[in-house]
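Here is a short report on one protein chain. Look at the structure first, then read on.

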Amino acid sequence: MGPLALPAWLQPRYRKNAYLFIYYLIQFCGHSWIFTNMTVRFFSFGKDSMVDTFYAIGFVMRLCQSISLLELLHIYVGIEYNHLLPRFLQLTERIIILFVVITSQEEVQGKYVVCVLFIFWNLLDMVRYTYSMLSVIGISYAVLTWLSQTLWMPIYPLSVLAEAFAIYQSLPYFESFGTYSTKLPFDLSIYFPYVLKIYLMMLFIGMYFTYSHLYSERRDILGIFPIKKKKM
């Protein structure tokens, strides 16, 4: 007798898909909770809710962004098919803005730009993780495919502008408090506001590279799954 075949759910491909589905589901739930919480708070408290957005949902936002670093590992080991560098640039943008710029400066946390930035991030991620989650189990909706490949076109550049504005607003506090600025041996020093200004230029260079990649990906995917137009 030949070797017994493994049940379908024990085969590597199904284990990989099950893992990715759970990962996307967790991320979808996290970002949906953040977006719902922000929406309810805005309708309940108006503009006042924007000031303490970070205090209300900052922990969950940091948790979701930390978990998203797993996506680099997914791509590296081959369980998720994507280009590593563009994803690395996108994740690096968020990690630097969230953990270095916003979390480290309490004065920045109450700025309106933080609320706007979180709205942009969560809009993109709710759609992206919904699309990815359903794709893993073989479900495809033309409208969702189109939305996931189109929503980023206006939102991603706006989010980068919001990130740049957050950096700009944080500069006076980094200058005043000297956060992350340090002296090195041989009379050398790192003045962190200069580092942020250099990163600000790199942010837009990275945006151009990422936008070009996403546009190419959109063209390929929508070429495979075209949206049928109704005849007039």
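A crossing of two helices is left-handed if the near helix is turned anticlockwise from the far one by less than a right angle, and right-handed if clockwise. The crossing of α5 and α9 is left-handed. More on that pair follows below.

**Basis**

This is a predicted model, in which local features need pLDDT of at least 70 and side-chain atom pairs count only at pLDDT 80 or more, while totals for chains, interfaces and linings use all residues. Residues are numbered from 1 along each chain as its sequence is written, and side-chain values use heavy atoms, with hydrogens and water left out.

**Overall make-up**

The chain has 10 helices and two strands. Helices (H or I, at least four residues) and strands (E, at least two) are DSSP runs, numbered from the N terminus. From that end, the order is α-α-α-α-α-α-α-α-α-β-β-α. The chain holds 232 residues, of which 40% are buried. Buried means under 20% relative accessible area, exposed means over 50%, and partly exposed lies in between (1.4 Å probe, protein chains only). Contact means heavy atoms within 4.5 Å. Among contacts between residues at least 6 apart in sequence, 75% join residues at least 24 apart.

Axes are lines fitted to C-alpha atoms, for helices over the stretch in contact, and angles run from 0 to 180 degrees between N-to-C directions.

| Helix pair | Axes come within | Crossing angle |
|---|---|---|
| α3 and α7 | 12 Å | roughly 40° |
| α5 and α9 | 11 Å | roughly 30° |
| α7 and α9 | 9 Å | roughly 150° |

Angles under 35 degrees count as roughly parallel, over 145 as roughly antiparallel, 65 to 115 as roughly perpendicular and the rest as oblique.

Take α3 (residues 53-67) and α7 (residues 112-136), whose axes cross at roughly 40°. That angle makes α3 oblique to α7. The crossing is left-handed. On the α3 side, the contact uses T53, F54, I57, M61 and Q65; on the α7 side, V114, C115, F118, W121, N122 and D125. These residues divide into seven nonpolar, three polar and one charged. Here Ala, Val, Leu, Ile, Met, Phe, Trp, Tyr, Cys and Pro count as nonpolar, Asp, Glu, Lys and Arg as charged, and the others, Gly among them, as polar.

Next come α5 and α9, with axes crossing at roughly 30°. That makes α5 roughly parallel to α9. From α5, the contact takes E93, I97, V100 and V101; from α9, it takes Y156, V160, E163, A166, I167, S170 and F174. Eight of the residues in this contact are nonpolar, one is polar and two are charged.

The axes of α7 and α9 cross at roughly 150°. α7 is therefore roughly antiparallel to α9. This crossing, too, is left-handed. V113, L117, F120, W121 and L124 of α7 meet a run of α9 residues, including W152, Y156, S159, E163 and Q169. The contact divides into 12 nonpolar, two polar and one charged.

**The nonpolar cores**

A nonpolar core is a set of buried Ala, Val, Leu, Ile, Met, Phe, Trp, Tyr and Cys residues joined through side-chain atoms within 4.5 Å. Which residues have the most contacts inside the largest one? They are M61, I97, I102, F118, W121, I167 and L196, in a core of 37 residues. Two or more residues come from each of α1 (12-45), α3, α5 (84-102), α7, α9 (152-177) and α10 (192-224). α9 gives the most, with 11 residues. Apart from this core lies another, of six residues, among them Y23, Y24, Y129 and M133.

**Residues to find**

I167 sits in helix α9. At 0% relative accessibility, I167 is buried. I167 and I97 are 70 residues apart in sequence, yet 7.5 Å apart in space, C-alpha to C-alpha. Not counting residues up to four places away in sequence, I167 touches I97, V101, L196, Y199, L200 and L203.

F118 belongs to helix α7. F118 is also buried, at 0% relative accessibility. Leaving aside neighbours within four places in sequence, F118 is in contact with M38, T53, F54, I57, M61 and L98.

Y180 lies in the loop between α9 and β1 (182-184). Phi of Y180 is near 70°, a positive value in a residue other than glycine. Is Y180 buried or partly exposed? Y180 is partly exposed, with a relative accessible area of 42%.
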